[in-house]
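We will go from stop to stop together.

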Amino acid sequence: MRAVVFDRFGGPEVLHLGEVPEPEAGTGQVRVRVEAVGLNAFDGKIRSGAMEAAFRTPLPAVPGTEVAGVVDQVGANAAGVAIGDRVTGWTSRGAAELAVLKLWAPVPDDLDAAQAAALPVVGEAARRALRILDLKPGETLLVHGASGGVGGLATQLAVAAGVRVIGTAAPVNQERVASYGATPTTYGEGLVGRVRALAPAVDAVLDAAGGGVLPDSIELRGGTDRVLTLTDPAAHGLGVVFDERPAPSAEDLADLVGLVVRGEVAVPVAKVLPLAEAARGQALVDGGHAGGKVVLVP
Ligand SMILES: NC(=O)c1ccc[n+]([C@@H]2O[C@H](COP(=O)([O-])OP(=O)(O)OC[C@H]3O[C@@H](n4cnc5c(N)ncnc54)[C@H](OP(=O)(O)O)[C@@H]3O)[C@@H](O)[C@H]2O)c1
């Protein structure tokens, strides 16, 4: 089958189309004919070799952590799913014509495949972050990267739970953050003053952006308690929690699909590209300003 492949670690340019053997659904798994593949910064970190110290990726490798598609093979003990079902979920080799899913949720016919493929990774990360921060209605949360996939969804879920959110984004994305029900502000020089002018106290901080925002976050919070980053290794030297342990749940994913279908939250898709343009798509994601999810279609 056709797949996106990398034979060496490096920049997005190492991604190319290739032929690889078709995968088979193992126990508790399903195989899907892929309709869309969501791209993530995580895929870029694996492809660059940056994750090799944490876990090895044998080469040649196929990237892709999340896909939506139509089930064409059901593994032993995979319950509640049948050939022909549309699903979205987690994989480890998704950028291909066929992919095996370890965990999935149903996708209704009226949800676009690109939209569905955009949900698993950001949905899990946003929910996990909010659970760790344990916010109460009426509290104030500062979200760095509120225009992004994870930060944007965390913002919407927090607002829906009665939390006041101040969200940072580029000037061009201020309106998007406001549309999520948050108070937008720009990142960069002078952030502490801008946030203080908007809120007397910040109860919790979620860094879904990176870019060295932790010192300002600690200052605004008055300490490291309830400051959480999903992306900045500087956390380790600052005493800030850096959580990078995804704990996907089929129930959470199904719930998120429902929220999107009902229009209660949105995960904007910025670009849909053919598999052959994986390098271009992943370069956009790696750049950190894609303006929404980037999705590949076989
Ligand atoms: N630890 C985990 O388990 C986990 C899970 C999922 C994701 N992540 C990480 O979380 C991060 C966000 O992922 P994502 O999918 O949401 O990415 P994304 O959609 O590309 O969003 C990136 C966000 O960062 C903002 N940003 C870029 N440069 C910035 C800067 N210098 N200062 C402040 N904000 C800046 C962008 O704002 P503008 O576009 O408005 O400039 C955008 O809102 C990535 O690093 C990813 O690897 C970690």
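Where is Ala170 found? Select Ala170 and you land in the loop between strand 9 (164-169) and helix 5 (174-179); helices (H or I, at least four residues) and strands (E, at least two) are DSSP runs, numbered from the N terminus. Ala170 counts as buried because its relative accessibility is 15%; buried means under 20% relative accessible area, exposed over 50% and partly exposed in between, with a 1.4 Å probe and protein chains only.

Before moving on, note that this is a predicted model, in which local features need pLDDT of at least 70, side-chain atom pairs count only at pLDDT 80 or more, and totals for chains, interfaces and linings use all residues. Residues are numbered from 1 along each chain as its sequence is written, and side-chain values use heavy atoms, with hydrogens and water left out.

**Across to the aromatic rings**

From Ala170, jump to Phe55: the two are 115 residues apart in sequence and 33 Å apart in space, C-alpha to C-alpha. A search of the whole structure finds two aromatic pairs. In one of them, the ring centres of Phe42 and Phe55 are 6.4 Å apart and the planes stand at 45°, so the pair is tilted. Here rings of Phe, Tyr and Trp (its six-membered ring) pair if their centres lie within 6.5 Å; planes under 30 degrees apart count as stacked, over 60 as edge-to-face and the rest as tilted. Phe42 belongs to helix 1, while Phe55 sits in the loop between helix 1 and strand 4 (66-74), 13 residues apart. Phe42 is partly exposed at 35% relative accessibility, and Phe55 is partly exposed at 34%.

Stay in the loop between helix 1 and strand 4 and pick Pro60. A cis peptide bond joins Leu59 to Pro60, with omega at about -5°.

**Into the ligand site**

Now show the ligand and the 21 residues around it; Ser147, Val150, Tyr187, Thr231 and His289 come nearest. A residue is near a molecule if one of its heavy atoms lies within 4 Å of it. Helix 1 (41-48), helix 3 (120-133) and helix 4 (149-160) each supply at least two residues of this shell. Colour by domain next: domain 1 (2-119 + 267-297) and domain 2 (122-242) both give residues to the shell, so the ligand lies between them. The domain bounds come from an automatic or database domain assignment.

- Tyr187, by a side-chain N or O atom, at 2.4 Å
- Ser147, by a polar side-chain atom, at 2.7 Å
- Gly145, by a backbone N or O atom, at 3.4 Å

**Helix 4 and a last pair of stops**

Gly151 lies in helix 4 and is buried, with a relative accessible area of 0%. Its C-alpha atom is 6.9 Å from that of Ala126, although 25 residues separate them along the chain.

Then select Arg31 in strand 3 (residues 30-38). Arg31 is buried at 8% relative accessibility, and its side chain reaches the backbone oxygen of Pro23 at 2.9 Å.

Finish at Asp134, in the loop between helix 3 and strand 8 (140-144). Asp134 is not a glycine, yet its phi is positive, about 50°.

How values were computed: A polar contact is a pair of N or O atoms within 3.5 Å; within protein, one must be able to donate a hydrogen and the other to accept it, and residues adjacent in sequence count only if both atoms are side-chain atoms.
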